[in-house]
Amino acid sequence: MARVVVVANQKGGVGKTTTSVNLAASLAVMEKKTLLIDCDPQANASSGLGIYSEKCIQNIYTILYEPQRVREAVVVTDFPFLSVLPSSPDLVAAEIELVGKPRREFFLRAVVQEIAGEYEYILLDCPPSLGLVTLNALCAATELLIPLQCEYYALEGIAQLLRTYDLVHKRFNKELSVLGVLLTMYDGRNKLNRHVKREIWKCFPKLAFDTLVPRNVRLSEAPSFGKPVLAHDIKSRGSEAYLSLAQEVVRRHAGSVPVGGVARSGRKSA
Ligand SMILES: Nc1ncnc2c1ncn2[C@@H]1O[C@H](COP(=O)(O)OP(=O)(O)OP(=O)(O)O)[C@@H](O)[C@H]1O
Ligand SMILES: [Mg+2]
């Protein structure tokens with residue numbers, strides 16, 4: 001059965017999609033059979049892998065109500081071990097349509113369960129909100145990965161997300177644990193970045209990943225070529241960071257990593 005990792009943060013522009021795409025590609029390079037499910041109507045994860053929603057007849061929205069047809073929507077990529085379930089702007093409608101449906105939290109779980117046996121990793125890229133689609137993604141996953149930008153409101157944002165995690169864990173999904181907190185767009189020359197990093201390491205010493213994703217222009221360029229950074233510039237610091245994250249993710253099993261669970265060692269200050 002796949003490890004199902006949801007990449008979520010209700011704050012916009014913190015690196016959710018960049019992390020989903022590049023972690024998925026890095027896992028694939030490690031020959032882990034991986035499926036990236038784009039759960040954001042902006043469809044940035046799809047286009048970031050060169051898959052454009054207007055060209056896909058089936059997508060996450062069309063199969064949400066017909067999970068048994070999920071294989072028709074899965075698209076293979078240039079990476080042999082990486083496939084994508086693309087999104088579509090139509091997914092916006094699901095936020096409204098699902099409201100009146102029984103068991104409205106579990107539509108995406110049915111999709112994931114249908115194909116979980118065929119992959120080692122399934123990654124879910126979420127939209128920047130805590131609406132029903134994100135709730136569905138949290139209910140479909142076994143592990144939560146939180147990308148965080150080292151900005152002023154980062155700690156408030158993560159506190160809110162962890163409250164949502166607690167609620168989801170209690171009410172809907174006992175299987176969900178927190179895989180880790182990933183600091184993104186980190187610039188060691190920036191005083192605020194350094195300060196927030198220290199605070200995160202202090203408050204969540206066992207959850208923060210050792211990997212820091214640096215601010216790196218190659219990471220921001222790659223989506224315009226419809227490629228993960230590994231295919232754009234394998235030697236970049238962005239590529240290095242996401243390969244290192246993939247190794248940490250493989251090592252870290254959320255089942256054995258409850259909030260506050262992983263021992264820290266040999267941390268250097270950056
Ligand atoms: N490490 C990085 N270095 C430089 N630019 C980055 C990095 N990570 C992300 N970006 C850029 O920052 C912007 C926001 O990143 P991204 O789209 O991954 O965030 P997001 O959380 O998915 O946003 P949204 O909430 O809108 O879905 C993008 O233009 C992306 O290319
Ligand atoms: Mg995004």
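Colleague: Is Y65 buried, partly exposed or exposed?

Modeller: This is a predicted model, where local features need pLDDT of at least 70, side-chain atom pairs count only at pLDDT 80 or more, and totals for chains, interfaces and linings use all residues. Residues are numbered from 1 along each chain as its sequence is written, chains are lettered from A and ligands numbered from 1 in the order written, and side-chain values use heavy atoms, without hydrogens and water. Buried means under 20% relative accessible area, exposed over 50%, partly exposed in between (1.4 Å probe, protein chains only). Y65 has 32% relative accessibility, so Y65 is partly exposed.

Colleague: How many residues of α1 are buried?

Modeller: Helices are DSSP runs (H or I, at least four residues), numbered from the N terminus. The buried residues of α1 include V21, L23 and L27. α1 is mostly covered, and of its 14 residues the buried ones number twelve.

Colleague: What distance separates the end C-alpha atoms of α1?

Modeller: The expected span is 1.5 Å times one less than the number of residues. For the 14 residues of α1 (residues 16-29) that gives 20 Å, which agrees with the end C-alpha distance of 20 Å.

Colleague: Which residue has its charge over the face of Y119?

Modeller: A charge sits over a ring if NZ of Lys or CZ of Arg is within 6 Å of the ring centre and within 35 degrees of the ring normal. Over F209, at 4.4 Å from the ring centre, lies R252. Over Y119, at 4.7 Å from the ring centre, lies K33.

How values were computed: Helices (H or I, at least four residues) and strands (E, at least two) are DSSP runs, numbered from the N terminus.
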